[in-house]
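I opened a new notebook page for this structure.

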Amino acid sequence: MAIVSVWIEEGCITCDACEEILPEVFHVTDDTCFIKSEVRIDGGYDRNEAQAGLKPETIASFEDDILDAADGCPVDVIIVVEGGEAAAAEPEEASAPAAEAESAAPTAAAEPVEVAGDNIDELLSAGDRDLAILFGSQSGNSEGLAAKFAKQAADYGLNGAVHDMDGFDFASLSSMKRVLIICSTWGEGEMPDNAEELWQTATKAAAGSLSGVHFSVCALGDTSYEFFCESGKDWDEQFEKLGATRLVDRVDCDVDYDGPAAAWALDALAAVAAVDGAGVYHEEMVEAVKAHAAGDAGGADGEDGFSVPDITAAAVQAEISIFRYDPEAASTGSDTWVCAMPGHMSLLEALRIIKSTHDGSLSFRDGAADDPTTAICVNGRLVLPGTIRLDALAPTRDGVLSLRVDPLPGFEVIRDLVVDHWSMERRRESTNPWMVAATREGAATMQGAMGTMDPNVATALHSITDFSSAALLQASSDAVPHANGYLGPSVIASAWARRNDPRSSQDSVASIDAVLGSSNGIKAETDLASIRRQNGSGVVISEALLDAKTHVLEQDGFNGRHGKHVWWYAWTLKSSGKVNDTVLYRQVLGPIGLLGNLTSGVTARMVAGFTRTGGDMFYDMLAMVAPPAGFGKMPRQFNSSVENHHEVVAIFNELDGRF
Amino acid sequence: MATKFAYHPGNVAHSSAPEVGDTMGPLARALGIELVPLAGATSCGAGIVRQANRRLQLTLNARTFAMAEAQGLDILTPCAATAGNLHEDLQTLNSDQILMQEVNETLERTCGLTMTGEVKVHHLLHAIVDEIGLDKLEDKVRNPIDFVVAGYYGPNIQQEGACGGDDVYDPDYLEQVISALGGTPVRWEARTQSVGVPGLFSEEPTVLKQAAEALSEAKSEGAELIVSACNLSHAVLDVYQGKAGRNTGLATNIPVIHLCEMLAFALGTHNSRLALLRTRIAVIGD
C-alpha cells in the first residue's frame, strides 16, 4: 500500500538518524523530531500526531527513504501510515498504533483529520482544539484581556491557554494551528518588557516557519503617542512575513480598549475556532460558529419538559446612546456608552450597570422586570426594559448593537428617562373610570348571589385591557404627543371595555359614549397603524379601538368631518373603485375649509406641483374643461372606473346598503 | 429573467400623483421587473373604509387578492399604506378560515371569484432588496443620487410580517437602497412614525404637527431630501409642508419625492426631472 502520512510517537531520543537519512522530511529539535511543513498538506510543523497527509510529490520522491528512516529509527517512534491504515515499520510492533489510527482511516487517505465543513459539532470537537493566547503587557491590561478571552474560548470549542511572552519558546509556535496575540506598546513604539526577548527571536526566525499558524492581533495603545499600537503592528507584520495566515484584521485599541477588544474577540475567536483539527480553515463556518457560541444551537431547548433551556448568549458589542435631560441646568442631549455586554442581559440590568459603574446621575424608573411604569423607548420600539434581552432589542449591524434609548414619547420628562405619568392619569380620571353597575340577577351560590358573564364576552373584555403597561400603550399612538387633550389609546381602550361590559348601567354606558364621541375621544386618533405595530397586544387593542371608532361614527350618523371623510371615501370607492380626492375635499372640508386651503397655500402647492415633480403643467384634459383639476398635483374631478366595476357595486350592495 | 408581479398602483397614483405612474414603468424595465396591471383592483381602503364597515374593506381587498391569484402572481405596490392595508387584510383572512369562507361566498356570488390566501403582498422597497438585490440595483445606477437623503417608511409597512426581511422597529432597507443609489442616508427617529394621513381632513391641526415634526427632524439631521416609501404620506409631507411649517413655527421646507421617483432618476430616466431636483436642493429649497 502507498504511504499517505508519517508521524512521530512520544519517546524520540533525538539521535538525528532520521534527519541524516531524509532531511527534507524530518527535523530533529532539542527534544523530539518534527515533520517539516513543506512536505505536509496542512502546512503544519510538529510531530504530526494528527496524521496530516504528505504532499503527493513528497511521497513520489521519498517513499523509500521514509520507510528507510522508519526502519532505521532505534526506538521505533516513526510511524508510517499506508493506504489508510497505520503501520509501523516493524509489522510485529504495529498493533497499538494501527488500532489508534483505525478510526481516522477513512479521512486519513486524503487529509487525515480534516472535518467536513458543514458539521459544526464535529468542527468544534474533533482533533486538536488548542488555542494559544500570547500577551505582551507592561501594565497588565493585555494580560487581563488574554485571561478573559481564554475563558470565552471554551464557548467556541477551544482549549484556550494564556502564555506570557516572557520565556515563551518561539519554536513551539510552529506546531500551533491557532494563535492570538494581545500586545501593548510601551514608550515610543517599544515592545513591553516581557515581549522584547520573544520579539528579538521572532525577527530572526526563518521565513515560512509559521506557515501552519492561523493568527490575529489585538494591539493596545494610546493615540496621544506618535507610534500608536506600534508593537501590535510589528507582531502582525512579522507573523505574516513568517508565513502565518491572518484570519481577522488587527484591531488597534485606544485607552478605552474594552469595547473594541471585545468586538475583535467575537470575530477572532470564531475565526480560529473555524480552523479544524487538521489545520484547515473553514471560512464558510465562521457565522455558524458565532451562532453556536451565542447559544443559538447549544443547550437543551426545554421542549421535553425536563431539561432547562440554555438562554445564555455571548457578549455583544453594544453602543448605547441614552437621552439625558437635566431640569436644573435645563440641558438636553445624549450620552453614549460603548461596551461589551452579555446578549442575554436585560436592558434594565444594562441600565443598572451603567448607573452603578459609570454615571450615578443616570435616572430611569427601576422596579421589577414587568413593572409597567418602567416603560421606555428603544430605537422607536416601546418596551418594558426588564422583559427584553439586549440581543433581541434590535438587529446587530457591522458587529455592533446600536441602541438609542429615549423616554416614552407623549409624556413630560422629569429627568433623563423618567417621565411623568400624571397627564395620562388625569385623562383617565376625566372619563369617570369607576364601574357603575346595573342591578342584575345573579346565580345563587353558597356564598350568596354572584354575577355571571358569558365566557366569550369575558374573554373579549379581558383581551382589550390586557396590555402590559398603560403608559406604554398610551405612548404607542403617534397622535398623543401632538393632539392636545386627546385621551389616548390606553384610556380609550379601558373606557371601551367598560362600555361593553354587560354589568355597566345604561347611564354609565351613555356617559362613556359621550366621552368616546367627544373631540378628545377616539376620533382624535389619526392613525391606528402606529398602535397596531407596537408590541404583542397592539393588534388586539387597535382592532378594539377600530370598533370604538365605528361605533362612534355610526352614533353620529357619519356627520362631522371625520364621519364625512369615512362616508365619502366609501362612496367614491363604490362609484368608481378608486378614491376621488376632489369629492373628499369638497364634501369634508366644505367651502370654508377649501377657502382655508386656498389662503394657507395648500391649493397653491397642489397647482404648482409640476414645479416639484418636473412633470407637465397640465397632465390631463380636465385642465381645459374643469380647472384647476389636471394642473400639477391637483386631484382629478372624475375617475375612470376600474375593470368590472359592477362587481364592486355588487359587493357594496350586498354588504352595506348605506352607500 | 424578469421578476413578474401583479401591479397595484396605490390610492393616489391615478389622481394627484401622476409622477408615480411616470416613474414606475421605466424603473421596472431597468430592473427587469415585469408589472402586470391589476386593472380591476380597487383602492385598498386606506384604513378608512374599514372604519365604516370592516367586512366591506376585507371583501373588496379579497377581490383584489383573488384577481392576483388568478394570474398566479404576487402583488407589488409602491405605496406603503396600500402594502400595509392589503397585508393586514390578507393576514386577517388567512388567520380565520371561517371568515375566509364567508368572504369567498360573497365574492363568488357577486364576482364569481374566490381566493385561497396564497398570494403575497410586496412593497417595492422589499421587492428590490429581497427579490432583485442591491448588487443588481447598484450595477444599474447611471445617475448617482449624491444627496443626503432621509428615508421615510411610515408605520404601515413596519408591521410584523409586512416588511420583508427588514426589522420592524429599526429598519434599514431604505437606507441600504439610498446608499446603493449613491446617496448618503440619515437615520432619524420619525422615519417609521405616522404623519396622520387618515386623519388629515378631520384632525388637521394634529396632522400638521405630526408632519412638521417629521419634516423638521429630517432637516435637523442634515437631510437635503426626503424620499417617501408611502405615496399617501408623501401627499401630506409635500403638499401640506408649507402650512405645517406656518402652523408650528418649525422649519419644514425640504423636497419630498417618492421612492419610485428616486429609483427612476438614479437608473437614468427622467434626467431633466433629476436636474430640476438638483436645482431645488441647491438653490430653491422646497
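Over which residues of chain A does pLDDT stay under 50? I found residues 84-112 of chain A, for which the model has 57 contacts beyond four places in sequence. I noted that pLDDT is the predictor's confidence in each residue, from 0 to 100, and that two residues are in contact if their C-beta atoms, placed from the backbone, lie within 7 Å. Where pLDDT is low, the predicted coordinates should not be read in detail.

This is a predicted model: local features need pLDDT of at least 70, side-chain atom pairs count only at pLDDT 80 or more, and totals for chains, interfaces and linings use all residues. Residues are numbered from 1 along each chain as written, chains are lettered from A, and ligands are numbered from 1, in the order written.

I checked chain A as a whole. Its average pLDDT is 86, and 91% of the residues score at least 70.

Next I looked at the chain contacts. I see 62 residues of chain A in contact with 63 residues of chain B. Helix 20 of chain A gives the largest share of the side of chain A that touches chain B, eight residues. Helices here are DSSP runs (H or I, at least four residues), numbered from the N terminus.

Last, I took a pair in chain B. Helix 3 (residues 54-71) of chain B packs against helix 4 (residues 80-94) of chain B at about 95°, axes 10 Å apart. That makes helix 3 of chain B roughly perpendicular to helix 4 of chain B (65 to 115 degrees). Among the residues making the contact are B:L58 and B:F65 of helix 3 of chain B and B:L90 of helix 4 of chain B.

Technical notes: Helix = DSSP H or I, 4+ residues; strand = E, 2+ residues; numbered from the N terminus. Axes fitted to C-alpha atoms, helices over the stretch in contact; angles between N-to-C directions. Parallel < 35°, antiparallel > 145°, perpendicular 65-115°, else oblique.
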